[in-house]
Amino acid sequence: MAGVPAGARRRNFCGTPMLPPFANQPVLELRRAAVRAQLSDALARIDRQLPISVPVRIGSETRGGEELVSTDPGEPERVVARAARADADDVAAAVAEARRGLRAWRAIGAAERAGALIGAAAWLRERRLELAALQVRECAKPWPEADADVCEAIDFLEYYARGAIELEAGRELLQLPGERNELRYVPRGVVAVISPWNFPLAIPCGMTAAALASGNAVVLKPAEQSPALAHRLVQALAAGGVPPAAVGLLPGEGDAGAALVRHPDVNAIAFTGSLPVGLEIVRAAARTAPGQRHFKPVIAELGGKNCVIVAADADLDDAVPAIVASAFTYAGQKCSAASRVIVHEAIADQLLHRLAGAVAVLVVGQAEQLSTEVPPVIERAAQERVNRYAELAAADGRIIARVAPVPDRGWFCAPTVVSELPADSPVLQEEVFGPLLAVQRVRDLEQACDLVDGLPFALTGGLFARDPGTVRYVRERTPVGNLYVNRAITGAMVARQPFGGNRLSGTGTQAGGPDYLLQFVEPRAVSENTMRHGLEA
Ligand SMILES: NC(=O)c1ccc[n+]([C@@H]2O[C@H](COP(=O)([O-])OP(=O)(O)OC[C@H]3O[C@@H](n4cnc5c(N)ncnc54)[C@H](O)[C@@H]3O)[C@@H](O)[C@H]2O)c1
């Protein structure tokens, strides 16, 4: 395989290729002038390519179209991509092609599939600057986040490639004389991957890579806001050696995703997105079509209402910058972003005073400017939603900080901190997905944990405390999928912080962790009586 590093071709005594141990792709050193110059060159190159044409891809066939238009959130007149919009016929054709492609793809074995994924990682690595620049334009991701997203996509490919080789070996079972027991994992079949826009390369890449590595064929329906980045992902997979029939691309809106979910020949669904859509998918997947002979498991990673607890003895020098970064980086549009701070009353006024100072100096601006901390939100509807919550916050609570005015071109929202809201305020309960942070006082740690436990979501959360007893208490309750102690609550790294929620934040095993691939396979046990009577020639 073209992209496989030399080390990958070594074999162990069983004949399995030995890959070098997994290591995270290092991020760029953006403080270096030379790196900054390379980024601005890459942005100029991307700008010359706009608008990018994104076709429906089914096997080796592509169908062009311009019905779906993605624009720059910071400059909405700038068209970033024109994409074909997949319809019901495309969905049917893509699933049929994936079913054809499945047979050969699953048969080649995990090592060969890993080679193709590692080849795709190499393709992304070579184009990392342009891919980050495309995120700056298509999703208004500031450079550090755009670069980190490309690195995470590379990490998913490399990590799941290795995981699938291990998984193929099966698991050890108890063996007795005269009996051989085997446990192996087989792919589920055709996996529908439906992705959001906020990690426009890493998230579709992660779900697709996991499904492919474990031998499934994939039909990918990316977010309508970021078709160009999904198109690049499919190009990377093709360049790495994934056969066209094993991965199809259906740019489109929710109706294409819904048709894919309903299709009786889809065996499993990997979805990352909002809770309402996730619930709709779970309901639709539970219905079996006439003749359908399988359940359709849904691997769902959904929204959150992520809380940071600040104990009375917290070090505010650590807590304040970490909370501000967690709440406002990428305008609060990370699923892991902090949206609620629950602070001990003894330290609350001090925290609010310092948060107000730190938020007041946040730089709101275009994603392409390296100084920008808070870019615009993704689209007009998101701006309207965030502003609605901000108005509610102003009416029912006390505004502690608000960075205004913000630029009027583009979908900017003013970063805001609010406190003293009534306990049942939607601002405290619902996912806002924007630069709005609510602060709430509590009398003790138990009340803080009860508030976190009382939410329907359980994605990420944080704790700032000096006392090891406090840390132990919250750790033992582990009220969320990813708990971060004395650090920011965003920025999970593949293989270091497996990522995913509980309760209504997700059904799945954490992405980028050792158990994730198990969701894309079915276990099969074989037990053989080895006491043969007589010998066969
Ligand atoms: N838990 C995580 O790991 C994680 C990661 C990223 C984003 N998110 C969540 O995603 C949301 C933001 O992303 P979004 O705005 O793209 O989410 P969304 O739910 O609006 O859309 C996600 C995808 O689902 C598709 N879709 C819409 N309706 C559908 C339907 N009825 N059937 C099938 N597919 C349908 C969309 O076209 C898109 O591709 C936030 O809630 C965020 O918390 C969660």
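Q: Where does Asn486 lie?
A: In this predicted model, Asn486 sits in the loop that runs between strand 19 (482–485) and strand 20 (502–503).

Q: Is Asn486 buried, exposed or partly exposed?
A: Asn486 counts as partly exposed, because its relative accessibility is 36%, and the partly exposed class lies between under 20% for buried and over 50% for exposed.

Q: What does Asn486 touch, not counting residues up to four places away in sequence?
A: Asn486 touches Leu463, Phe464 and Ala465.

Q: And how far apart in space are Asn486 and Asp315?
A: Their C-alpha atoms are 8.6 Å apart, while 171 residues separate Asn486 and Asp315 in sequence.

Q: What about the backbone, what is phi of Asn486?
A: Phi of Asn486 is near 55°, which is a positive value in a residue other than glycine. Most residues other than glycine have a negative phi.

Q: Which phi value does Phe433 have?
A: Phe433 also belongs to a residue type other than glycine, and its phi is positive, near 60°. Phe433 is located in the loop between helix 13 (426–429) and strand 16 (436–442).

Q: Is Phe433 buried or exposed?
A: Phe433 is buried, because its relative accessible area is 18% and the cut-off for buried is under 20%.

Q: Changing topic, which peptide bond is cis, with omega near -5°?
A: That is the bond from Leu50 to Pro51. Pro51 belongs to the loop between helix 1 (33–49) and strand 1 (52–54).

Q: What joins Ala404 and Pro405?
A: Ala404 and Pro405 are joined by a cis peptide bond, with omega about 0°. Pro405 is in the loop between strand 14 (398–402) and strand 15 (416–419). Most peptide bonds are trans.

Q: Let us step back to the whole protein. How many helices and strands are there?
A: The protein has 15 helices and 21 strands.

Q: What radius of gyration does the protein have, and what would a compact globule have?
A: The protein has 24 Å, and this agrees with a compact globule, because a globule of 537 residues would have a radius of gyration near 24 Å. The C-alpha atoms fill a box of roughly 85 × 55 × 50 Å along the principal axes.

Q: How many of the 537 residues are buried, as a percentage?
A: Buried residues account for 57% of the 537. The accessible surface is about 22500 Å², and carbon and sulfur atoms hold 52% of that surface.

Q: Among contacts between residues at least 6 apart in sequence, what share joins residues at least 24 apart?
A: The share is 76%.

Q: What is Tyr160 in contact with, leaving aside neighbours within four places in sequence?
A: The contacts of Tyr160 include Gly206, Ala209, Ala210 and Ala213, and also Ala511, Gly512, Tyr516 and Leu517.

Q: Last one, which residues of helix 8 are buried?
A: In helix 8 (residues 254–262), the buried residues are Ala256, Gly257, Ala259, Leu260 and Val261. Their cover includes helix 2 (88–107) and helix 9 (275–286), together with strand 7 (190–194), strand 8 (217–221) and strand 10 (268–272).

Conventions: Residues are numbered from 1 along each chain as its sequence is written. This is a predicted model: local features need pLDDT of at least 70, side-chain atom pairs count only at pLDDT 80 or more; totals for chains, interfaces and linings use all residues. Side-chain values use heavy atoms; hydrogens and water are left out. Buried means under 20% relative accessible area, exposed over 50%, partly exposed in between (1.4 Å probe, protein chains only). Helices (H or I, at least four residues) and strands (E, at least two) are DSSP runs, numbered from the N terminus. Contact means heavy atoms within 4.5 Å. The radius of gyration is taken over C-alpha atoms; the globule rule is 2.2 Å times the number of residues to the power 0.38. Accessible areas come from the Shrake-Rupley method with a 1.4 Å probe; for residues, only the protein chains shown count as cover.
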